[in-house]
Amino acid sequence: MPPTGGWRAGASPPTVASVSRYYVEGEARAERVGDLFAAVAPRYDLINDLQSFGLHRLWKRRLLRLAEVRPGTQALDVCCGTGDVAFALARAGAITTGFDFSAPMLAVARKRAGGWREAAKAPEFLQGDALALPFPDASFDVVTISYGLRNLANLDRGLRELLRVLRPGGRLLILDFGKPDWAPWRWLYLQYLRWGVPVFGRLFCGDADTHGYILESLQHYPAQRGVDTRLRALGCSETRIIQLLGGVMSINVAQRHPGSRPPSQVG
Ligand SMILES: C[S@@+](CC[C@H](N)C(=O)[O-])C[C@H]1O[C@@H](n2cnc3c(N)ncnc32)[C@H](O)[C@@H]1O
């Protein structure tokens with residue numbers, strides 16, 4: 001059994017040999033993540049469909065329903081990548097900004113936007129760092145981040161930024177890989193992430209490390225329960241965890257407390 005087999009939900013990450021050169025701690029993290037998404041961008045959507053058996057589409061639909069978008073809602077999708085969630089928000093009537101630091105991922109999103117034929121306004125895609133969002137406090141009614149938070153070099157700083165740009169009473173939705181509570185299911189899932197998923201990297205990007213990164217980044221990520229604890233510590237109200245497929249994926253839902261000061265000013 002690989003050394004990650006004993007990893008418990010919510011536990012500190014075990015010490016394991018690196019399974020992807022795209023994961024590093026500290027200063028160089030963002031640069032490596034940028035390299036990773038530059039490498040996968042042309043095949044990102046195809047691999048997403050294959051590795052999730054198409055289920056990521058259902059999970060993103062669930063995220064959209066939780067966003068409770070109405071025509072005119074101001075929405076920000078951070079780490080938007082090729083734009084799935086941004087397009088869904090816009091289709092539902094939100095005035096949507098997609099935001100990402102990867103030019104190759106944004107190029108795919110903008111190409112998709114070029115084919116936009118809906119009555120609703122297409123999303124606008126902007127490039128920049130999620131850890132320093134170029135928006136004033138309280139600019140958005142809804143902020144989403146799907147498969148992005150796990151990639152940030154500083155999780156707490158990222159959460160503060162997401163909450164800063166959300167208006168008091170607004171809704172934050174975080175979709176990402178999770179850590180299932182039930183040990184046998186967790187074990188099976190870890191085997192898939194360790195041995196199955198990197199095959200897609202090898203086949204479509206010529207590099208197993210691009211997808212070995214998912215397991216490694218997840219080991220260092222507090223996942224649904226840890227994220228919920230942090231959101232409450234940052235003063236969010238009505239936090240909830242939606243477990244998907246037994247906790248393999250999850251959506252953290254939180255409301256920026258009505259009347260709260262921006263999190264950057266707290267503590
Ligand atoms: C796994 S993709 C998710 C794409 C999309 N949200 C989806 O659900 O399919 C992660 C995205 O996060 C972006 N990203 C990672 N760190 C970032 C940062 N610090 N600032 C902005 N974007 C970042 C990457 O460029 C990549 O496009």
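The questions and answers below concern a helix pair and several salt bridges in a predicted model. Local features here need pLDDT of at least 70 and side-chain atom pairs count only at pLDDT 80 or more, while totals for chains, interfaces and linings use all residues. Residues are numbered from 1 along each chain as its sequence is written, and side-chain values use heavy atoms, with hydrogens and water left out.

Q: At roughly what angle do the axes of helix H7 and helix H8 cross?
A: Helices are DSSP runs of H or I with at least four residues, and strands are runs of E with at least two, both numbered from the N terminus. Axes are lines fitted to C-alpha atoms, for helices over the stretch in contact, and angles run from 0 to 180 degrees between N-to-C directions. The axes of H7 (residues 183-205) and H8 (residues 209-219) come within 5 Å, and their crossing angle is roughly 150 degrees. Because angles under 35 degrees count as roughly parallel, over 145 as roughly antiparallel, 65 to 115 as roughly perpendicular and the rest as oblique, H7 and H8 are roughly antiparallel.

Q: How many salt bridges does the structure hold?
A: A salt bridge is a side-chain nitrogen of Lys or Arg within 4 Å of a carboxyl oxygen of Asp or Glu. One network of salt bridges links Asp45, Lys60, Asp84 and Arg112. The count for the structure is 15.

Q: Which strand holds Arg167, the salt-bridge partner of Asp141?
A: The side chains of Asp141 and Arg167 form a salt bridge at 2.7 Å, N to O. This pair links distant parts of the chain, 26 residues apart, with Asp141 in strand E4 (residues 140-146) and Arg167 in strand E5 (residues 166-177).

Q: Are Asp176 and Arg150 buried or exposed?
A: Their side chains meet in a salt bridge of 2.7 Å, N to O, which joins Asp176 in strand E5 to Arg150 in the loop between E4 and helix H6 (155-164). Buried means under 20% relative accessible area, exposed over 50% and partly exposed in between, with a 1.4 Å probe and protein chains only. Asp176 and Arg150 are both buried.

Q: What is the relative accessibility of Arg230, which pairs with Asp156?
A: Asp156 in helix H6 and Arg230 in helix H9 (residues 223-233) are 74 residues apart, and their side chains meet in a salt bridge of 3.3 Å, N to O. Asp156 counts as partly exposed at 34% relative accessibility. Arg230 also counts as partly exposed, with a relative accessibility of 28%.
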